[in-house]
Amino acid sequence: MTVLSERWLNSLALEDEQPEIPRAILHPNLAQEKGIQNHSRVLIKSGAGELIADAQLSEAVREDTVVLPHGTWVKKGGAANQLTEDLL
């Protein structure tokens, strides 16, 4: 995971400015292997949780990686925090 820029303020993101669901960027080869089409909805699961995202295909990411660049409000689908455990 990568920390957001210091110039980003989550409190400035109004609900109506957020996407309906978060986007997940993956390599076209991985998408083809998994039967995923560009802009289809995908379920991403981990041991801690799950979320639905809009799949966006890009050769700019590694073939073995799914990138969640930024999420949305939890009631609109959430973000990577839903896939991790609270340890603190």
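Tutor: Start with a term. A nonpolar core is a set of buried Ala, Val, Leu, Ile, Met, Phe, Trp, Tyr and Cys residues joined through side-chain atoms within 4.5 Å. Buried here means under 20% relative accessible area. Keep in mind that this is a predicted model.

Student: Which residues make up the largest nonpolar core?

Tutor: The general idea is that nonpolar side chains tend to be buried together in soluble globular proteins. In this model the largest such core has 11 residues: A24, L26, L30, A31, I36, V42, I44, L51, A53, A55 and L83. At least two residues come from each of β1 (23-26), α1 (28-34), β2 (41-45) and β3 (50-57). The element that gives the most is β3, with three residues.

Student: How many helices and strands are there in the protein chain, and in what order do the elements run?

Tutor: The protein chain has one helix and four strands. Read from the N terminus, the order is β-α-β-β-β.

Student: What share of the residues counts as buried?

Tutor: The protein chain has 88 residues, and 27% of them count as buried. The chain exposes about 6700 Å², of which carbon and sulfur atoms supply 51%.

Student: How much of the contacts comes from residues 24 or more positions apart?

Tutor: Take the contacts in the protein chain with a separation of 6 or more; residues 24 or more positions apart account for 71% of them. Not counting residues up to four places away in sequence, L83 touches I44, S46, A48, G49, E50, L51 and L68.

Student: E50 is on that list. Where does E50 lie, and is E50 buried or partly exposed?

Tutor: E50 lies in strand β3. E50 counts as partly exposed because its relative accessibility is 43%, and partly exposed covers the range between the under 20% of buried and the over 50% of exposed. Leaving out residues up to four places away in sequence, E50 touches L43, I44, K45, Q82 and L83. E50 and G78 are 28 residues apart along the chain, and their C-alpha atoms are separated by 9.3 Å.

Student: Why is L57 partly exposed?

Tutor: L57 is partly exposed because its relative accessible area is 30%. Its place is in strand β3.

Student: Where does D86 lie, and is D86 buried or exposed?

Tutor: D86 lies in the segment after β4 (66-67). D86 is exposed, with a relative accessible area of 75%. The C-alpha atoms of D86 and A48 are separated by 9.0 Å, and the two residues are 38 apart along the chain.

Student: Next, pockets. Which residues line the second largest pocket?

Tutor: A probe the size of a water molecule, rolled over the atoms, shows where empty space is left. The second largest pocket here has a volume of about 150 Å³. Its lining consists of A24, L26, L30, K34, I36, V42, L43, I44 and V66. Eight of these are nonpolar, none is polar and one is charged. β1, α1 and β2 each supply at least two lining residues, and the largest share, three residues, comes from β2.

Terms used:
Residues are numbered from 1 along each chain as its sequence is written. This is a predicted model: local features need pLDDT of at least 70, side-chain atom pairs count only at pLDDT 80 or more; totals for chains, interfaces and linings use all residues. Side-chain values use heavy atoms; hydrogens and water are left out. Buried means under 20% relative accessible area, exposed over 50%, partly exposed in between (1.4 Å probe, protein chains only). Contact means heavy atoms within 4.5 Å. Accessible areas come from the Shrake-Rupley method with a 1.4 Å probe; for residues, only the protein chains shown count as cover. On a 1 Å grid over the protein atoms alone, a cavity is a set of points where a 1.4 Å probe fits but cannot get out, and a pocket is an open set with protein on both sides within 12 Å along at least five of seven lines; lining residues have an atom within 4 Å of a point. Grid points are joined across faces, edges and corners, and a volume is the space filled by probe spheres set on the points. Ala, Val, Leu, Ile, Met, Phe, Trp, Tyr, Cys and Pro count as nonpolar, Asp, Glu, Lys and Arg as charged, and the others, Gly among them, as polar.
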